Amino acid sequence: MCKEAVQQRSPKRGDIVTINYSLTPENDYVPLPLFDTHGTKTRLVLGWGNYLPGLHDLISTMEVGQTISDVSIDAGWGEKDMALVARVSKRVRPGCEEEDEKRMIGDMKYGDIRVGMKFVLRGNNGGNGDVKVMVTEVTDDDFVLDANPPLAGSSYNCEITLLAVEEAPRMDLVERREDKATKMAKREQQIENESAARNKIEDESESCVGDTSSDIVCECPLCKNSHYEVATFALGCFWGAELAFMRTPGVAGTRVGYTRGGETTTQENPHHHDSPSYDEVCAGKTGLAEAILVLYDPDLVSYRELADVALERLKVESRAQPVGLAALFDDEDEEDWGKSQYRHGFYFHTEEQRGMAKQILFNDEEDDDDDEENEEIEDERRIFTPPSYKIKEKVEVKPASTFYEAEEYHQQYLLKGGQSARKGCKKQYDA
């Protein structure tokens, strides 16, 4: 890694930051163990989720070497909305207290209501308008119903030191999800910059020119020589697979998205290069597979170890998915399999990853003489049987191609749903 890789500047979204931090719950807040609340030399990708949104926001305001102490950050559930809090009177008619105590909320008498009880207030739209509420206060005359998330308004006291800011490795193939107007404006700016670059070359007779577009990953040695590496895996549903990688020590960040579809836009495949939506991918029109992009520190975790995490996930997928006769007898239609969003693949970014994937999946031995093996890797697909499990899984090994980020609600989906993403966590998760 070049010495300029670690920079003395404020971080921006997509940078890899190294921090020491400590989060202490404030007031009576008892946190769920969803992520690590203390860390030394912790590395994460700014703006990629995981940990707390408030932690990312705080880091974005800091400079390298700066320490911030005794600052309160939201615990992830937002501020309490008082419009979602209602005080309900138990008393309807003066002098009729005994009858009022027998009034009902659901199957519970008013007189039996206690703090901590939960109810569902039914809507008028076939269940779509239902509201979950919790009793937070009870007096002789009334009680309070709160429809806020139970931990809304909770916070941590934070102490944090920003140790380093580093550029992420080049990820030319990653397309961030943006609205069409933003993408159009950036494309116009890109064309303008490219035109200006060509004019400069002609005017100065230079052989090359650096691109100044903010939309294009720069060509400087800093980006090319990043210490970090990228891996891409397709392992069925991307929710559970992403959580498995989030829990892996040495992984600095993850994104879920869609990749390895048709490489050109056609009349049958009109959405491929236009931020394909989840619905479009599910419809099978794009040929894209659900995948996970993993950014990792090779000093802390190897590609082989990440591949082992992927294999474990394939075993889970084998147990979860029904097995048809076609899979058992290897008669499955190759064309249909190749279009499935839930197909499996190891998509390599380097020749080293390619060789390692083939060796792990197919027991291919390393061979220095590539002349005998000059087949197109793009067409390679073999049968892989997960270790210690007697169901065949098809896995393709192909070069990484354009990775389209999935919608934000898919990112870190299981963490947002309350499942732990702590490093090293072995707790079984539902996906």
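Rings of Phe, Tyr and Trp (its six-membered ring) pair if their centres lie within 6.5 Å; planes under 30 degrees apart count as stacked, over 60 as edge-to-face and the rest as tilted. The structure holds seven such aromatic pairs. This is a predicted model, in which local features need pLDDT of at least 70, side-chain atom pairs count only at pLDDT 80 or more, and totals for chains, interfaces and linings use all residues. Residues are numbered from 1 along each chain as its sequence is written, and side-chain values use heavy atoms, with hydrogens and water left out.

One of the pairs joins F233 and Y303, which are stacked at 5.8 Å centre to centre with 20° between the planes. F233 belongs to strand β13 (residues 229-235) and Y303 to helix α7 (residues 303-320), so this pair ties together parts 70 residues apart in sequence. Here helices (H or I, at least four residues) and strands (E, at least two) are DSSP runs, numbered from the N terminus. F233 and Y303 are both buried, where buried means under 20% relative accessible area, exposed over 50% and partly exposed in between, with a 1.4 Å probe and protein chains only. One aromatic cluster is formed by F233, F245, Y303 and F346.

E405 sits in strand β19 (residues 403-405). Is E405 buried or exposed? Its relative accessibility is 6%, so E405 counts as buried. The E405 side chain makes a polar contact (a pair of N or O atoms within 3.5 Å; within protein, one must be able to donate a hydrogen and the other to accept it, and residues adjacent in sequence count only if both atoms are side-chain atoms) with the side chain of R255, at 3.4 Å.
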